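Please have the structure open as you read.

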Amino acid sequence: MAGYNLEGIKAAPLKDDVDIVIPTIRSLDFLEQWRPFLQHYHLIIVQDGDPSIKIKVPEGYDYELYNRNDINRILGPRANCISYKDGGCRCFGFMVSKKKYIYTIDDDCFVAKDPSGKEINVIAQHIKNLETPSTPHYFNTLYDPFREGTDFVRGYPFSLREGVQTAISHGLWLNIPDYDAPTQLVKPRERNTRYVDAVMTIPKGVLYPMCGMNLAFNRELVGPAMYFGLMGEGQPISRYDDMWAGWAAKVVCDQLGFGVKTGLPYLWHSKASNPFVNLKKEHKGLHWQEDMVPFFQNLCLSKESDTAAKCYMEISKMTKEKLTKVDPYFEKLADAMVTWIEAWEELNPPVKNEAFVGA
């Protein structure tokens with residue numbers, strides 16, 4: 001089977017440069033299956049919900065565990081930018097990490113197998129995606145030209161073949177599809193059984209629906225833009241946290257000259273969430289996305305926005321100007337975006353004279 005040549009890559013590539021961020025409300029027994037691939041990495045576990053509940057982590061893992069009390073203690077009044085009872089709480093882990101790369105995974109995901117029956121090393125594949133260039137300015141019909149056994153096709157400009165740095169690697173899932181509630185309701189038994197052996201760069205100017213259950217990114221390049229919104233309990237919307245981060249981060253990548261890849265690696269998504277509960281969480285988002293997507297599609301950032309943090313601050317301003325007319329919630333979200341950047345820079349002071357590093 002064609003694929004990346006991962007021979008020679010250790011079971012834990014770049015283990016000192018990667019943090020695994022896991023949001024959860026339960027004990028992490030699922031990590032037992034992940035031992036061959038994740039045990040050598042440092043985990044940042046963000047406990048959602050009731051902080052008095054004891055979370056158990058399998059022995060042998062090196063980890064930090066943060067609950068809501070810790071978030072309040074570390075961020076103080078700025079803690080209100082971190083979602084509660086929502087998967088978006090994971091972005092607190094992005095903020096406290098000091099590693100170059102982040103891999104985030106949901107606690108109902110397990111190791112998948114490729115068509116040959118071999119277990120998929122998601123970390124090795126994500127690292128391969130992030131360590132090789134992206135090609136957002138011109139589409140290669142053989143997809144990722146940096147794969148083993150492929151290259152740029154005839155007619156691909158030589159001036160663009162160097163590519164740009166990859167900031168985000170968006171992985172996929174077998175078994176339970178990542179559907180919205182209406183689609184879940186009309187296709188309750190549908191399962192994703194197609195393993196497509198491909199990685200591609202999402203073109204510049206094109207948005208995509210980012211899923212947070214199997215996601216890696218270069219924290220140094222786009223960390224401040226990976227804010228999973230203000231959603232969950234106390235907010236009128238949920239289940240759009242990763243969507244918001246994906247739209248914003250893609251605009252930032254386009255502005256700064258970075259690339260986003262999607263495709264391999266796959267994992268096994270084991271549990272379908274309740275579509276009726278999801279519909280209650282999503283129903284406003286299903287309407288608002290018809291305004292949110294065009295908003296991001298038409299964003300034009302200034303030349304002064306030459307870092308991810310500056311880009312995100314400009315997006316927050318435009319969110320307040322353009323989306324508040326859709327619903328007053330977006331004013332609250334815009335304020336939370338500013339608070340997020342303030343908290344990020346307090347824990348991660350920006351380097352003076354930080355240069356524009358895009359291409």
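The points below cover disulfides first, then salt bridges.

The model is predicted. A search of the whole structure returns 0 disulfides. The salt-bridge count comes to 16.

**Cysteines**

- Cys253 takes part in no disulfide. Its nearest cysteine sulfur belongs to Cys311, 9.4 Å away.
- Cys311 is likewise in no disulfide, and the nearest cysteine sulfur to it is that of Cys253.
- A disulfide needs two cysteine sulfur atoms within 2.5 Å.

- Side chains of opposite charge can pair when their charged atoms come close.
- Asp70 and Arg73 form a salt bridge, with 3.2 Å between the closest N and O atoms.
- Both residues sit in helix H2, which spans residues 68-75. They are 3 residues apart there, so about one helical turn separates them.
- Asp70 is buried, with a relative accessible area of 17%. Arg73 is exposed, at 57% relative accessibility.

**Salt bridge between distant parts of the chain: Arg78 and Glu342**

- Arg78 forms a salt bridge with Glu342, and their closest N and O atoms are 3.5 Å apart.
- This pair links distant parts of the chain, 264 residues apart. Arg78 lies in the loop between H2 and helix H3 (91-96). Glu342 lies in helix H10, residues 329-347.
- Arg78 is partly exposed, with a relative accessible area of 27%. Glu342 is partly exposed too, at 36% relative accessibility.
- Which residues are linked in a network of salt bridges? Arg78, Glu342 and Glu346 are.

**Salt bridge between two loops: Arg90 and Asp106**

- Arg90 forms a salt bridge with Asp106, the closest N and O atoms being 2.8 Å apart.
- Arg90 is in the loop between H2 and H3. Asp106 is in the loop between strand E4 (101-105) and strand E5 (109-110).
- The two residues are in separate loops, so the pair ties together parts that are 16 residues apart in sequence.
- Arg90 and Asp106 are both buried.

Conventions. Residues numbered from 1 in each chain as written. Predicted model: local features only at pLDDT ≥ 70, side-chain atom pairs only at ≥ 80, totals over all residues. Heavy atoms only, no water. Salt bridge = Lys/Arg side-chain N within 4 Å of Asp/Glu carboxyl O. Helix = DSSP H or I, 4+ residues; strand = E, 2+ residues; numbered from the N terminus. Buried < 20%, exposed > 50% of the residue type's maximum accessible area, 1.4 Å probe, protein only.
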